[in-house]
Every structure is written in C-alpha cells, then in structure tokens.
Amino acid sequence: MRQAGRYLPEYRALRSHAKNFIEFCLTPDTAIEVTLQPVRRFGMDAAILFADILLVPHSLGQKVTFVEGEGPRLEPIRDAKALAALTKSNFAATLAPVMQTIKGVRAALPPGVALIGFAGAPWTVATYMIEGEGGTDYENCRRMLWSQPQLFSTIIDRLVDATASYLIAQVNAGAEALQLFDSWAGAVPAPVFESAVIEPTARIVTAVKTLHPDIPIIGFPRAAGSHLARYAAETGVDAVGVDHMTDLAMAAAAVPKKTAVQGNLDPVLLLTGGASMEHQTRRLVTEMKGHPFVFNLGHGVLQSTPPEHVARLVDLVKAGEC
C-alpha cells in the first residue's frame with residue numbers, strides 16, 4: 001500500500017532528478033532503489049515492486065503524463081477509433097525495464113524477504129483510460145458502460161489480456177506473489193459488478209495460474225462492500241485486501257475459510273501515530289487470530305506520514321506486541 005513513495009525523504013531525493021514519472025518507473029536503477037528503500041529502513045517482510053498501474057495503458061500506446069500536484073492525465077478513450085489506435089506491438093518491449101527491476105530487486109533482497117508484483121485491475125485502469133484522469137465521479141466511464149456496452153466490454157477484454165500478460169511476465173522475472181488493485185471498485189454500479197469486476201479478475205487469475213498455479217494472488221476491490229464475499233469466492237484469488245471502511249472481522253467471516261484477508265488499518269491512524277494507532281493495530285491483530293491474515297493498511301500511505309510512525313507500526317506488529 002504505497003510502501004515506497006513520497007513520505008520517504010530518500011524517495012523524494014531520487015524523484016527530484018527524474019524528468020517525468022513514467023521515465024522514473026521505467027528506469028531499472030531508480031526503480032530497484034526505490035523498491036528497496038522501505039525494506040532497508042523498516043525491515044519489511046516483503047518488498048512491493050515500484051511501478052504504476054498506468055504503465056499498462058502507456059505500453060498499449062495511450063498517451064499518459066503526470067502533472068505535478070495534480071496526478072495522471074491521459075488522452076481519453078471515448079470511441080472505437082481511439083481504442084483501435086492501441087496495440088500490443090510494443091507492449092513487452094516497453095515493459096521490459098519492469099522485468100529488469102524485478103530481477104535486480106530479487107538479487108538484492110535479504111533472504112526470506114519476498115517480492116510482490118502488481119497491476120491495476122481492468123475496471124480501475126479503464127476508468128483512467130476513459131475519463132482521462134483520476135479523482136472523478138467516473139461519469140464518462142459509467143455512461144459508456146450503459147450506452148456503449150460493446151465498446152466498454154472490448155476495453156475490458158483488452159485490459160484482461162494485457163494485464164494477464166504483464167503479471168505472467170512479472171512472475172517469470174521473479175515476483176513471488178501478485179496483487180491486483182481495483183481501487184475504484186466501489187464506483188461500479190451494483191447490477192454490473194459481476195461483469196466489470198469479478199469476471200475480468202477471474203479471467204486474469206485463471207490465465208496466471210494456468211502457467212503458475214502456485215503463485216499467491218491478492219485481490220483488492222476497494223469499497224466493494226456487499227460484493228466482497230462474492231469477489232473472494234468467485235475470482236479465485238488467494239487473499240482479499242480489505243479497505244479501512246469495512247469491518248475486518250466481518251469480512252473475514254464472509255470470505256471462504258481458505259482465503260486470507262489483508263488489511264485494514266486506516267492510513268490516517270498511521271499518519272497520526274501514538275496511542276490510537278497502537279490500540280487499533282492491536283485490535284486488528286487480535287481479531288484476526290485463527291484466520292489467515294496479512295497485516296496492512298486499508299489504503300495507501302499518505303504523503304505527509306512521518307516515517308517514524310511507519311517504523312513504530314512495523315516494530316509493533318513484528319515484535320509480537322499485539
């Protein structure tokens with residue numbers, strides 16, 4: 001959950017020298033260093049590949065830029081002509097630096113520290129591709145879903161194919177677990193949650209596990225609410241990430257017993273630190289005893305989070321103080 005990033009001064013020092021964020025992600029030397037920074041500083045149990053979910057549309061040929069202080073901007077895909085311009089012809093070559101990063105990180109990690117690869121899930125990546133930016137109410141995406149269902153379905157199909165290829169390549173390069181981020185799953189209209197979220201995720205999981213049956217896959221359908229149990233049961237994921245708006249114990253009771261849960265400390269508690277953070281951390285760990293559990297946040301580390309709060313949280317969990 002943004003294990004590396006802008007809350008770390010060593011990250012900001014590296015980022016200040018990069019011309020743009022896409023270049024930063026696709027430069028193995030810097031991406032390796034950024035991936036390793038939180039492992040060195042905090043002694044994490046696993047490293048999370050430093051990349052971005054928008055590398056997939058970028059590698060398909062969609063123009064993607066990042067505006068400082070505002071976030072990503074994409075040339076919107078709103079019709080069949082714009083979609084037809086996207087191609088996988090340079091997909092593998094464009095993403096080859098990510099595979100170099102994975103190999104470099106694996107070589108540098110201490111024994112016993114795993115490497116988690118990731119990608120954005122089709123619905124979430126599609127929202128950026130169609131809207132042209134993040135932080136919206138997804139009006140254009142939802143409009144297309146209802147008024148041009150075939151076009152929307154074709155975009156999802158393209159993303160299922162590209163994302164499966166990307167994740168398989170990550171495992172081939174050395175990733176030991178994978179996570180699919182569906183950060184905007186909560187914006188999907190209820191009648192189409194199956195077709196927009198569950199079914200595309202299941203297809204990706206099947207494609208990856210056909211070649212790598214033992215690779216653990218974590219799905220994170222943020223704000224999925226009442227759909228969480230079906231998501232966990234029907235997608236084939238090995239673990240489900242739970243956002244901080246959802247009661248973790250209820251989520252654990254709702255998913256299949258063999259499915260691990262991951263989560264779900266409020267990132268603002270990590271920002272705040274102190275007794276409140278420690279109390280809620282202990283509560284989560286206590287509640288999850290007896291169920292497969294990966295302690296994590298309910299969403300990403302906030303930019304202004306003091307690194308010493310992260311250090312205290314890691315020590316609290318790993319030292320058994322919970």
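Y11, F21, F24, F50 and F66 come together as one aromatic cluster in this predicted model. Rings of Phe, Tyr and Trp (its six-membered ring) are taken to pair if their centres lie within 6.5 Å, with planes under 30 degrees apart counted as stacked, over 60 as edge-to-face and the rest as tilted. By this rule there are 11 aromatic pairs.

A word on ground rules. Numbering starts from 1 along each chain as its sequence is written, and side-chain values use heavy atoms, with hydrogens and water left out. As the model is predicted, local features need pLDDT of at least 70 and side-chain atom pairs count only at pLDDT 80 or more, while totals for chains, interfaces and linings use all residues.

Now the strands. Helices (H or I, at least four residues) and strands (E, at least two) are DSSP runs numbered from the N terminus, and two strands pair if DSSP finds at least two bridges between them. An open sheet of seven strands runs in the order β1-β4-β5-β6-β7-β8-β9, with parallel pairing. Its edges are β1 (46-48) and β9 (293-297), each of which pairs on one side only. Neighbouring strands in this sheet are turned by 25° against each other on average, direction ignored; axes here are lines fitted to C-alpha atoms, for helices over the stretch in contact, and angles run from 0 to 180 degrees between N-to-C directions. Helix α9 (residues 149-173) packs on the sheet and touches β4 (114-120) and β5 (177-182), its direction making about 170° with that of β4. Contact means heavy atoms within 4.5 Å.

Within the sheet, β7 (residues 239-241) and β8 (residues 260-265) run parallel and are joined by three bridges, with V240 partnered by V261 in β8. Strand β8 also holds N264, and the peptide bond leading from G263 to N264 is cis, with omega near -20°. Most residues other than glycine have a negative phi, and most peptide bonds are trans.

Strands β2 (residues 64-67) and β3 (residues 71-74) pair in the antiparallel sense over four bridges. They make a hairpin with three residues between them, and G69 in the turn has a positive phi of about 80°. F66, a member of the aromatic cluster, stands opposite P72 in β3.

The axes of α8 and α9 come within 5 Å and cross at roughly 115°. C141, M144, L145, W146 and S147 in α8 meet P149, L151, F152 and I155 in α9. This contact has eight nonpolar, one polar and no charged residues, where Ala, Val, Leu, Ile, Met, Phe, Trp, Tyr, Cys and Pro count as nonpolar, Asp, Glu, Lys and Arg as charged, and the others, Gly among them, as polar. For α14 (residues 274-287) and α15 (residues 307-318), the axes come within 11 Å and cross at roughly 35°. Here M277, E278, T281 and R282 of α14 touch H309, R312, L313, L316 and V317 of α15, a set with four nonpolar, two polar and three charged residues.
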